[in-house]
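I opened the model today and kept notes on what I looked up. The entries follow in the order I made them.

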Amino acid sequence: MAVQLAFIGLGNMGQAMSKNLVQKGNLEKPLILWNRTLSRATSLSENIGHSIVAESFQDAVSRSDIIFSCISDKQGVRAIIDTVLKGDLKGKLFVECSTVKPEYIDALVTDVRAAGAELVAMPVFGEPTMAEAGVILCVPAGKAEAVDRIKPYLIGVICKGIVDFSGEEPSKADLLKVVGNVFVINMIESLAEGHVLAEKTGLGVGKLQELLAAMFPGPYMIFSMKMSTGDYYGKEPLVSLDLIQHLADMTIDMAKESGTSLKTYETAVEHMKTVKSHAGPQGDITGLYGVVRMESGLQYENGKRKEI
Amino acid sequence: MAPQLAWIGLGNMGRGMCKNLVEKGNLDKPLIIFNRTQKRAIDLNTKLPSGKSTVALSLDEAVARADIIFTCLGDDAAIEETLEAAAKGNIKGKLFVDCSTVHPDTTTMLAKSINTQGAEMVACPVFGAPAMADSGQLVCVLAGPSSAVEKVKPYCKGVIGRANIDYSGQPQGKATLLKIIGNTFILNMVETLSEGHTLADKSGLGNDNLHQFIETMFPGPYIAYSGRLMSGDYYKRDEPLFGVDLARKDAKHALNLAQTSGTKMKDVEVADGHLAAVQKHMGSKGDIAGIYGAVREEAGLKFEN
């Protein structure tokens with residue numbers, strides 16, 4: 001029998017993932033959409049077609065076999081699941097893509113399994129433009145049979161690659177999201193310091209980028225270009241700094257609890273606070289570069305942004 | 001007539017670079033090789049195809065017999081000492097190519113002194129681990145007078161390296177400036193891997209699971225270093241791959257450049273603190289990858305995994 005999918009939580013990431021599911025996922029049945037602000041679901045549905053808007057999340061869950069969720073609220077999908085636990089969830093599969101604490105997932109899994117359903121945790125790495133292009137990285141974790149059920153919707157549909165945690169406890173994926181973000185944040189801090197040193201010593205950034213392209217393919221070039229083209233100030237960030245700080249808080253907590261010192265990460269987190277105080281809601285994580293500039297007596301803004 | 005080449009300095013990097021020069025450099029005369037500890041030169045000579053290299057018994061001999069002299073030494077003091085000694089002889093018309101990672105001021109000073117003796121200098125620091133030197137996959141940064149750089153290029157991309165970053169016509173110090181700044185990315189990468197793997201360990205994520213993520217997100221040097229950390233290669237080697245003393249020298253130069261140009265590199269300060277701990281624990285046998293051991297110790301674990 002044809003599988004019914006639903007997507008709950010239609011922020012920037014959720015919208016992009018839903019669109020890719022519809023356009024590339026070969027869904028036999030229209031994708032069921034739900035969002036707290038219903039108008040978002042309605043306009044998305046009009047935009048992508050092959051989808052219907054549920055009247056309530058209970059409705060979305062009860063009609064579906066596989067329910068994806070991507071919610072930025074700290075509560076995540078807990079409030080939703082608490083409500084639906086009262087209904088019949090047998091055989092359903094929840095795929096939780098939100099960035100949440102591992103303990104939170106553990107608790108959810110216990111409740112969901114007690115109701116005869118399954119949960120795969122699948123946090124993602126990447127931001128909305130990458131999600132649109134279907135090139136994010138997904139980390140599915142949970143029972144192998146459950147992960148197998150969603151594999152047709154992953155590579156080539158919503159993502160470019162996966163870190164396959166089939167057979168691992170779901171919370172392992174969120175653990176990776178926490179530890180993994182140390183790499184992303186530290187890389188940006190390292191780039192910020194390197195860029196400013198290149199500028200202050202008169203080396204310039206051109207050849208530095210030639211070097212990065214040759215030695216560190218991938219994310220280093222992307223962020224280096226953002227810095228050199230001034231694509232870190234004067235506009236809405238791709239990812240709100242609040243979301244990044246939320247994840248950073250989780251990471252710092254985990255480091256503290258486990259007695260691990262993350263000195264470089266802590267430097268970046270301090271700089272993040274300065275990004276927030278300088279740029280407010282326009283604060284971008286790449287603004288770490290602007291902060292290192294300020295510490296070196298330069299302006300936060302490097303003047304490279306071409307005004308439209 | 002094709003130039004006579006000489007190579008001075010047969011450490012982890014020099015040996016691999018010589019091998020590729022001999023194999024792919026179209027040298028029509030045997031490469032003259034010299035090392036302060038002669039055994040290294042003799043061993044390399046035996047390994048290289050017969051007749052393709054010859055051991056010079058002294059520095060003076062290597063310099064006197066050659067047209068182009070490559071140097072790849074461990075630090076500023078070593079290269080200063082070597083080139084000062086070389087300059088005592090007649091070096092008019094010779095070309096010196098220094099691949100050592102040194103402070104840009106050192107490079108500039110050496111170039112000046114070589115020039116006053118009627119010789120030329122090209123700075124050619126390289127990026128890549130010893131394995132990349134062995135496989136001819138280094139990234140070469142060339143700086144100096146254009147005509148001199150043109151003489152060196154035939155030995156770089158396609159021979160010892162896979163790419164050139166070209167500062168033709170620019171002061172030699174530009175190349176080592178890029179090299180020092182570029183090495184801060186390597187140092188910070190090792191620090192990040194160390195912090196990440198220690199957290200993976202203590203949080204229950206597991207190093208293998210983290211490594212899977214690194215392979216997917218960060219292609220390139222991250223993967224090799226992640227492997228070195230996990231396998232214990234950072235403390236098990238008889239000889240370091242990237243010696244802690246050399247890494248501290250790089251960090252010192254980067255921090256000096258930061259200070260003199262009015263900026264700060266907090267990441268490098270953190271990493272250097274850990275390098276100091278590695279020196280304390282393992283002496284000169286320590287490796288840059290030993291930063292992992294230092295971060296582990298801060299988390300209450302043993303240096304050795």
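I began with residues 5-155 of chain B: their end C-alpha atoms lie 10 Å apart, and the span is 44% helix and 21% strand. Helices here are DSSP runs of H or I with at least four residues, strands are runs of E with at least two, and both are numbered from the N terminus. The unreviewed UniProt entry annotates residues 5-155 of chain B as "domain: 6-phosphogluconate dehydrogenase NADP-binding". I noted that UniProt positions are given in the numbering used here, that feature names are shortened, and that annotations may be inferred rather than shown by experiment.

Before going on, I wrote down the ground rules. This is a predicted model, where local features need pLDDT of at least 70 and side-chain atom pairs count only at pLDDT 80 or more, while totals for chains, interfaces and linings use all residues. Residues are numbered from 1 along each chain as its sequence is written, chains are lettered from A and ligands numbered from 1 in the order in which they are written, and side-chain values use heavy atoms, with hydrogens and water left out.

Next I checked confidence. pLDDT is the predictor's confidence in each residue, from 0 to 100. Chain B has a mean pLDDT of 97, and 100% of its residues reach 70 or more. For the complex, the predictor gives an ipTM of 0.95 and a pTM of 0.94.

Then I looked at strands, which pair if DSSP finds at least two bridges between them. In chain B, β5 (residues 95-98) and β6 (residues 120-123) pair in the parallel sense over four bridges. B:Asp98 has B:Ala123 in β6(B) as its bridge partner. Between β5(B) and β6(B) the chain passes through helix α5 (residues 104-116) of chain B, and this β-α-β crossover is right-handed. That term applies if, with the strands pointing away from the viewer, the path from the first strand over the helix to the second runs clockwise.

In chain A I found an open sheet of three strands, ordered β7-β8-β10, with mixed pairing. Its edge strands are β7 (124-125) and β10 (159-162) of chain A, each pairing on one side only. Strand β8 (residues 136-138) of chain A runs parallel to β10(A), joined by three bridges. A:Cys138 is partnered by A:Ile162 in β10(A).

Last, I looked for cavities (sets of points on a 1 Å grid over the protein atoms alone where a 1.4 Å probe fits but cannot get out; lining residues have an atom within 4 Å of a point). Which residues line the second largest cavity? They are A:Leu211, A:Leu212, A:Met215, A:Phe216, B:Phe127, B:Gly182, B:Phe185 and B:Ile186. α9 (206-215) of chain A and α8 of chain B each supply at least two residues of that lining.

Note on methods: 1 Å grid on protein atoms, 1.4 Å probe; cavity = no way out; pocket = protein on both sides within 12 Å on 5 of 7 lines; lining within 4 Å.
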